[in-house]
Amino acid sequence: MFKKLAVSSAALAAMIGSPALAQDIAVKLGVLNDRSGVYADLSGEGSVVAARMAVEDFKAADKGIAVEIISADHQNKPDIGSNIARQWYDVDGVNAILDVPTSSVALAVGDITAEKNGVMINSGAGSTSLTREQCRPTTVHWTYDTAALATGTGAAMTNAGGKKWFFLTADYAFGHSLEENTSRVVEENGGEVVGQVNVPFPAQDFSSFLLQAQGSGADVIGLANAGGDTVNAIKQASEFGITQAGQKLAALLFFVTDVHALGAQTAQGLSLTEAFYWDQNDETRAWSKRFMDTHGAQPTMVQAGVYSGTMAYLAAVEAVGSADDGKAVSAKMKEMEFDDPLFGTVTVRGDGRAIHDMYLFEVKTPDQSENEWDLYNQISSISGEEAFLPMLEECDFTKQ
Amino acid sequence: MFELLGIPPQVLMGQLLLGLINGSFYAVLSLGLAVIFGLLNIINFAHGALYMAGAFVAWMLLNYLGIGYWPALILAPLIVGAFGIVLERTMLSRLYHLDHLYGLLLTFGLALIIQGLFRNYYGISGLPYQIPNLLSGGQNLGFMFLPNYRAWVVVASVLVCFGTWFMIEKTRLGAYLRAATENPVLVGAFGVNVPLMIMLTYGFGVALAGFAGVLAAPIYSVNPTMGEQLIIVVFAVVVIGGMGSIMGAILTGYMLGIVEGLTRVFYPEGSAVVIFVIMAIVLMIKPEGLFGRPA
Amino acid sequence: MAMAEKTSDAAPQAQAVGMPALHKVIFGVLLAGLIVLPFFVYPVFAMKVMCFALFAAAFNLLLGFGGLLSFGHAAYFGGASYISAHAAKVWGLTPELSVLCGAAAAGVLGLVIGSLAIRRQGIYFAMVTLAFAQMVYFVALQAEFTGGEDGIQSVPRGDLFGLIPLADNMALYFFVLAVTFGGILLLYRIVHSPFGQVLKAIRENEPRAISLGYDVNRYKLIVFTLSAVMSGVAGATKAQVFQLASLTDVHWSMSGEVVLMTLLGGMGTVFGPLVGAGIIVTMQNYLATFGAWVTVIQGVIFVVGVLMFREGIIGVLARWFKRSL
């Protein structure tokens, strides 16, 4: 209905003869993420804020693109997420779904998106399956994936002398994929995995598992979990004197909001890999300041990814001239090269994987940290080609 | 060095100790449930939510009023207990003449409300609460490093559990209480104010939950879902111990903590389900529970 | 255990001889409404409501008519949804066969768990069912074929009887309508059969039923299994609708939700569970943006329901109109 209205107003504008005001293209974006659960702080409302900023910065209205943004909470449950996605495409006329953290939900939404010919610009989920086992022509995976995190943190820590690894793995698909990816990187770099334990998810008490890790004689304890689980594991590792005794912790999926919640005192020295940090350069600082003014917290890489993914999507919509055909828009995205203020140069591969640099950070000590958000030192940058897994032939949709 | 099923003995010792620590929480919580069930015949599904509330009250006392851990250890249970008394007076007391399942359903609803409200106001990421200075650091026991605070958890829980057991089994007040459990009408006829006793018992039971919450606050992050994850397990503990049996609840709490700890070594994936397996077996073989009297 | 305290006082006209005219009218109106419904509301949403209505009705058979409170019905609902998703996706079965597979699996599960649970009463019965449901959840989390956290995704909608494609929402809607409405009528028939009368007798006074010579445990086991089968039909159908089976369906909070639906609508009434399911699902759908407030509202409904309207919505209406509904 909205579209009809837009078209008729365009017709009206054309009749009056003022093409500058013509609203030719209607786009409806749905931000689907966790608004009440464990990932609410790293995605949630902040991602909606980021999407709005993208629409503003793209100057969509001036370019004749009328953008509307809606949002919903998928509660990290694939059934709820797929239900909302279906309804958005069927009833609400959504053209693209953004963010979608939690791999299980992202995979379900990716399927529906392909079926309904929309586009999913995923920023929040980590599963490499999105561009591999379950690759779809309409999926664009923007910000990070477990393989990229593993490459960053796993390789860096192994090369720094952490040869023997022990994994605490959250016992669900995501945890296992994180462990698997990291093990591969560790072994490629001459390290070995001396053991692992599957921890029921979610868990509060990690002491038993940490003790097992301690007993294994490993140099590095890899935490293949996320959110509150990682926070608790790190806290308890320091309580049980494990970090003090010289074993290092590798948080394989950890966000700036988690570090902030934990505080520099407990988190200091932790290595982690991210695609974005607010304090990297003038552009990220300027953008993050605007974000902070609206949202009250510094952006995470997921939220930054929603921003830059939305910019890229709108550019492709403008180039295609319509948002109706999701396949065409995502194919266009794969032809373009984006120069993004937050992520630098980004290209999208045939399988939907966005390629950009990743960065290895270390959490500052309380002495180094000047304010509550001054948390990371950048250690190194990893080029996109190195960070992400090579493309699978059968997932290259530009050749089909 | 001998090994037991491939596990070196010092690891086993460590795990037993950790099991005992977790069991301390189970014991205090299941004790509260058992006390309430004994007198009120209500399964208090809100117990987990009130445990969480105890941790939050401690956090609020610190952050809003600057009251530290030690006073909070007394104040937070009192506040939670007072809240429990309000719940008992306004709602639960209307259900005593009905089947106990209604009590279960009512407290289930209360748990949803309490958890939902905390989630709305404090989010789900969890809030930090520091270990008190007096108890920071730890002892190297040779087979493991034992943080002082965890040792304190065991001590505090044993003291509270034993105190409660003593009060109920060995004092005059406890005798009234036990008598009222058996036959409230007769005890009332002897001039004991039974409704008051019921009210205070409920208050005491939930205060125990609040106490466990304060104990847990420095170890786990203070989180609205912390009770939700625990309540079902604690239920199972009470059922295994024998509903209403004070000693049963306490001993089973420690015991299952240890069993769970061992499962984490031998079959970590199964540690979340082992208690339910035990519960099903116990209910099949000895339905009154390990320490309960036959109904 | 007299769980239902005189619900709707099984009015004498609802005897085992056919359906009373009032119920015929209500079912007729309901069916007519459901036939036109998808032209006004989003069909997938309507299908979800129907699946839960059947689930709640099946649960009500056990609680409202059998007097047994199970706290683990998610095991049958969710278990069946996994089996039916697996059947459709991996074995390539048609939708109706997949649903049957799911229902059969739920039936087997119900028979096994039921035969153990019915030896206990009251709270112990509830706890046994909970314990087994937790084990089913554990299997769903750990087993290879259930896909862990991801669940079983992208279940094909398939062709009904191998002939009629159900990819279209409308086509699927009428399949779901037939299954769920048929299921609800079947449950109605069971309740109003001589078997249902015996159940009522057991619920009201178990010792008396025993002394009358009824094999009470056999009746309890049958009603438990029937309830599991019908819950299974509901769960299996839901998996076909959403093309997905996930941990949500086997989690213990799902067991709590079905209690809520039944209690809200009115346990032991014919139409109560349908109303309860409709209200809860609608609420979850439209209040989803309010996040945790949904939990709070559900909690308030529980509390108010238990304190003031133990008969539930339909129970209250039935009392006003002095009719069995």
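Biologist: Which residues in α5(C) are met by residues in α11(B)?
Modeller: The model is a predicted one, and in it the side of α11(B) is made up of Phe276(B), Val277(B), Met279(B), Ala280(B) and Leu283(B). The residues in α5(C) that these five names meet are Tyr124(C), Met127(C), Val128(C), Ala131(C), Phe132(C), Gln134(C) and Met135(C).

Biologist: By class, how many residues of the contact of α11(B) with α5(C) are nonpolar?
Modeller: The contact of α11(B) with α5(C) has no charged residues and one polar residue. The nonpolar residues of this contact number 11.

Biologist: Is the crossing of α11(B) and α5(C) left-handed or right-handed?
Modeller: The angle at which α11(B) and α5(C) pack is about 140°. As for its hand, the crossing of α11(B) and α5(C) is left-handed.

Biologist: Which element gives the largest share of the side of chain C that touches chain B?
Modeller: In the contact between these chains, 33 residues come from chain C and 32 residues from chain B. On the side of chain C, two or more residues are given by α5 (122-142), by α10 (252-265) and by α12 (293-307). The largest share, 11 residues, belongs to α5(C).

Biologist: By class, how many charged residues does the side of chain C that touches chain B have?
Modeller: Chain C puts 33 residues into its contact with chain B. By class, this side of chain C has 24 nonpolar and seven polar residues, while its charged residues number two.

Biologist: Which element of chain A gives the most to the side of chain A that touches chain C?
Modeller: Chain A contributes 20 residues to this contact and chain C contributes 16 residues. At least two residues each of the side of chain A are supplied by β2 (65-73), α3 (78-92), α4 (103-116) and α6 (173-188). With eight residues, the element that gives the most is α3(A).

Biologist: By class, how many charged residues does the side of chain A that touches chain C have?
Modeller: Of the residues that chain A brings to its contact with chain C, eight are nonpolar and five are polar. The charged residues on this side of chain A number seven.

Biologist: At roughly what angle do the axes of α3 and α8 of chain B cross?
Modeller: Within chain B, helix α3 (residues 69-90) and helix α8 (residues 194-216) have axes that come within 7 Å. The crossing of α3(B) and α8(B) is right-handed, and the angle is roughly 140°.

Biologist: How many residues of the contact of α3(B) with α8(B) are nonpolar?
Modeller: From α3(B) the contact includes Ala72(B), Leu73(B) and Ala76(B), and from α8(B) it includes Met199(B), Tyr202(B) and Phe204(B). The residues of this contact comprise five polar and two charged ones, and the nonpolar count is 16.

Biologist: Is α5(B) oblique or roughly perpendicular to α6(B)?
Modeller: Helix α5 (residues 148-170) and helix α6 (residues 172-182) of chain B have axes that come within 5 Å and cross at roughly 70°. The range that counts as roughly perpendicular is 65 to 115 degrees, so the relation of α5(B) to α6(B) is roughly perpendicular.

Biologist: Which residues in α6(B) meet α5(B)?
Modeller: The residues on the side of α5(B) are Met167(B), Ile168(B), Glu169(B) and Lys170(B). Their counterparts in α6(B) are Leu173(B), Gly174(B), Leu177(B) and Arg178(B).

Biologist: How far apart are the end C-alpha atoms of residues 170-191 of chain C?
Modeller: An unreviewed UniProt entry lists residues 170-191 of chain C among those for "transmembrane region". Over this span the chain is 100% helix and 0% strand, and the distance between the end C-alpha atoms is 31 Å.

Biologist: How many Å separate the centres of domain 1 and domain 2 of chain A?
Modeller: Chain A is divided into domain 1 (2-144 + 280-356) and domain 2 (147-274 + 358-387). In the contact between them, 17 residues of domain 1 of chain A face 18 residues of domain 2 of chain A. Taken over C-alpha atoms, the separation of the two centres is 30 Å.

Notes
Residues are numbered from 1 along each chain as its sequence is written. Chains are lettered from A and ligands numbered from 1 in the order in which they are written. This is a predicted model: local features need pLDDT of at least 70, side-chain atom pairs count only at pLDDT 80 or more; totals for chains, interfaces and linings use all residues. Two residues are in contact if their C-beta atoms, placed from the backbone, lie within 7 Å. Helices (H or I, at least four residues) and strands (E, at least two) are DSSP runs, numbered from the N terminus. Ala, Val, Leu, Ile, Met, Phe, Trp, Tyr, Cys and Pro count as nonpolar, Asp, Glu, Lys and Arg as charged, and the others, Gly among them, as polar. Axes are lines fitted to C-alpha atoms, for helices over the stretch in contact, and angles run from 0 to 180 degrees between N-to-C directions. A crossing is left-handed if the near helix is turned anticlockwise from the far one by less than a right angle, and right-handed if clockwise. UniProt positions are given in the numbering used here, feature names are shortened, and annotations may be inferred rather than shown by experiment. Domain bounds come from an automatic or database domain assignment. Angles under 35 degrees count as roughly parallel, over 145 as roughly antiparallel, 65 to 115 as roughly perpendicular and the rest as oblique.
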